[in-house]
Amino acid sequence: MTPQFPAMRTISAPAVLVVDDDEAIREMLAAVLTRDGLSVTTAADGVEAVAAFAAQRHAVVLMDVRMPRMSGLQALAEIRKLDRSTAVILMTAYAEVGAAVQAIKDGAFDYVIKPFDIAEILLQVGRALQMRRMRDDIATLHRELSSSYRTDRILTASPRMGELLQTIAKVAKSNATVLVTGESGTGKELVAAAIHYNSPRNAGPFVKVNCAAVPEGLLESEFFGHEKGAFTGAQARRRGRFEQAEHGTLFLDEIGDISPSLQVKLLRVLQEREFERVGGTELVRTDVRVIVATNRNLEEMVRQGLFRQDLYFRLNVVTLRTVPLRERPEDVRLLASHFLQRFAAENRIEVSGIDEQAMGRLLAYRWPGNIRELSNAMERAVVMSTGAMIVAEDLPEQIAGRPEDGEPITGTDAAPPVSGGGALREQVSRFEARVVAEALARNEGNRMRTAQELGISRRSLLYKLQEYGIS
């Protein structure tokens, strides 16, 4: 019988290749699968099957094991050379089950025993197609993530940020531990993600842990996992973040908040590349790249005895400092326009731009919460807008309440000066206390939402509330 395979083509229905030297079986399976909405090609032996597959990639190959000229096992090996993602289901006699099981070890998806039930065939093909769709979805998501975190997607017009992006591109190629420093809201996580998705590890997971957001007593288990019964509530073994990030990147944010005892254990993992789960004795090997970030001064913490010097040196192989928004004013206009378009689309609100008075307020503001605060401000402005343009009244009060264009910025509305001694520190404290108090009031006393708006951890917010006596 002449093989029924066409030249290479693109089809919308999932393509299935049916291979059997029995014409009756080929025609029966083709009819059943076609009736099920699939596009079916048939071949009479392994040679025709390989030729058909070379002409058109199929999602599933349903193939007999025993055939003339080239067996199904030989054809399986050739097909996997062309495309390892295709699911090959073997049809075999009971006496050949051992060979079929070996074929699964060599890459076959599964096998069915002749004489088979049609329902079983449809079930196996359906499972194979579902697995293929899942793999395709994961691949698509990975491409989107890789594209989203490419360094050329980090919006900036700042020469200093341009230098940072060049350094990221260099660092990404290595396996070195990276310390990302900078104020809250300056994009430390975005830097870490850009390193991962531009590195040789980009096919592996990118796992994130905010050390300040996990209770101190649970952080060790979060890092390393635990065995069943290790502590009250540990009802089963749990894999920690180091295991979850295997062959990928682990990003530890707010690293300055971990306890001295956990610092010792983290140092050991970085040095020995192994650890024990909480409550366990088994050594677990790990192949993970670690990137850490902090908005605290680790060098000062080392001098004060709050952070281990040997861990600091181990983490500080490469240091990248994110640039605060007040030091890159050329990016305020660029990022504000970007967030405007994003939030207008998300909320289906027609807003075409920002008027000059509102832009003047944005450019004059000091942005203590950096990019995160700018994002929140623009989201609010879009939601509050009533016209085609964002106006000053649409902005948050601490930004909109600045003087009119052309007037000097003075008094309590002024941003802190950039020079001075003790008076400067006092003025900065007053300014920061006012920003924190206003944010707390806007969020009706909700500390978590306040911390998110300011771009700081909840623990840091509690410190500031206590420092400034804000209730």
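Which crossing, left-handed or right-handed, does helix 13 make as it passes helix 14? The crossing is right-handed. This structure is a predicted model.

**Helices 13 and 14**

Two packed helices are described by the angle between their axes and the distance between the axes. Helix 13 covers residues 330-347, and helix 14 covers residues 356-364. They pack at an angle of about 125 degrees, with their axes 10 Å apart. That angle makes helix 13 oblique to helix 14. Which residues meet here? Helix 13 brings Val 332, Arg 333 and Ala 336. Helix 14 brings Glu 356, Met 359, Leu 362 and Leu 363.

**Helix 10**

Helix 10 runs over residues 260-272. At 1.5 Å a residue, its 13 residues should span 18 Å, and the end C-alpha atoms are 18 Å apart, which agrees. Six names make up its buried set: Leu 262, Gln 263, Leu 266, Leu 267, Val 269 and Leu 270. Seen down the axis of helix 10, the buried residues fall within an arc of 160 degrees, so they line one face of the helix. What covers them includes helix 8 (216-224), helix 12 (309-315) and strand 13 (289-294).

**Helix 8**

Helix 8, part of that cover, has buried residues too: Leu 219, Ser 221, Glu 222, Phe 223 and Phe 224.

|---|---|---|

Methods:
Residues numbered from 1 in each chain as written. Predicted model: local features only at pLDDT ≥ 70, side-chain atom pairs only at ≥ 80, totals over all residues. Heavy atoms only, no water. Helix = DSSP H or I, 4+ residues; strand = E, 2+ residues; numbered from the N terminus. Expected span 1.5 Å × (residues − 1). Buried < 20%, exposed > 50% of the residue type's maximum accessible area, 1.4 Å probe, protein only. Arc of directions from axis to C-beta. Contact = heavy atoms within 4.5 Å. Axes fitted to C-alpha atoms, helices over the stretch in contact; angles between N-to-C directions. Parallel < 35°, antiparallel > 145°, perpendicular 65-115°, else oblique. Left-handed = near helix turned anticlockwise from the far one by under 90°.
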